[in-house]
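Work through the exercises below with the sequence and the model in view. Try each task before reading its solution.

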Amino acid sequence: MRKMILMMAAVFAILALPACDKYEDGRPSKNIISEFNRMYPDAWDIEWENEGAYWKVDFATGSRPNGVEHNAWYDLSGNWMKTVTEVALTAVPQKIKDYLAASEYGDAQYEDYFVDYYETTAGNFYRFDLHVEGYEVEVDVTEDGKVSLAGYDF
């Protein structure tokens, strides 16, 4: 009886292995993987997901187990498009907070204690989730002080 239970457990474990694959929607091209590895050689906990015309990769950097989580986007040719990193509000540079405070959104309340930092081919910015007059809005603040409602490219 014990042998049969162990054998059934082994069969179940083997059948469950594909569910642990880090490639949910197939596998990105070698160009994409090569560019990712060049940009983030120390990445760990890597998971790829196909998003239509893009591949999104979720990963961590820094010391384990408390590294920094990111997601990066690549087009189908392997060109990097953007990387998004969640950062604590306390880690946002003061000049960025000052730009936001001096804008029309200066009186808004932060939704939480984290901000997304976007690195893109068009430039870098911080995206704040704010409460403005009863509405939730996303506001982008560039490193040179431009403040605007969030724009969505993909």
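Buried means under 20% relative accessible area, exposed means over 50%, and partly exposed lies in between (1.4 Å probe, protein chains only). The model is predicted: local features need pLDDT of at least 70, side-chain atom pairs count only at pLDDT 80 or more, and totals for chains, interfaces and linings use all residues. Residues are numbered from 1 along each chain as its sequence is written, and side-chain values use heavy atoms, with hydrogens and water left out.

**Exercise 1.** Find the strands that pair with E7.

Solution. Start with the terms. Helices (H or I, at least four residues) and strands (E, at least two) are DSSP runs, numbered from the N terminus. Two strands pair if DSSP finds at least two bridges between them.

- Step 1. Take E5 (residues 109-110): two bridges tie this strand to E7 (residues 123-132), and the two run antiparallel. Gln-109 has His-131 in E7 as its bridge partner.
- Step 2. Take E6 (residues 114-120): five bridges join it to E7, again antiparallel. Asp-116 stands opposite Arg-127. A hairpin of two residues connects E6 to E7.
- Step 3. Take E8 (residues 135-142): eight bridges join E7 to this antiparallel strand. Val-132 stands opposite Tyr-135. In the hairpin of E7 and E8, Glu-133 takes a positive phi near 50 degrees.

**Exercise 2.** Classify the ring pair of Tyr-118 and Phe-125, and the pair of Phe-36 and Phe-59.

Solution. Rings of Phe, Tyr and Trp (its six-membered ring) pair if their centres lie within 6.5 Å; planes under 30 degrees apart count as stacked, over 60 as edge-to-face and the rest as tilted.

- Step 1. Count: the rule gives eleven aromatic pairs.
- Step 2. Phe-36 and Phe-59 are 5.0 Å apart, centre to centre, with 75 degrees between the planes, an edge-to-face pair. Phe-36 lies in helix H2 (residues 30-39) and Phe-59 in strand E2 (residues 54-61), 23 residues apart.
- Step 3. Check burial: Phe-36 counts as buried because its relative accessibility is 1%. Phe-59 is buried too, at 3%.
- Step 4. Tyr-118 and Phe-125 have ring centres 4.7 Å apart and planes at 10 degrees, so this pair is stacked. Both residues, Tyr-118 and Phe-125, are buried.

**Exercise 3.** Which charged end sits over the ring of Tyr-118?

Solution. A charge sits over a ring if NZ of Lys or CZ of Arg is within 6 Å of the ring centre and within 35 degrees of the ring normal.

- Step 1. Arg-127 places its charged end over Tyr-118, 4.6 Å from the ring centre.
- Step 2. Elsewhere, Lys-82 lies over the face of Trp-73, 5.0 Å from the ring centre.
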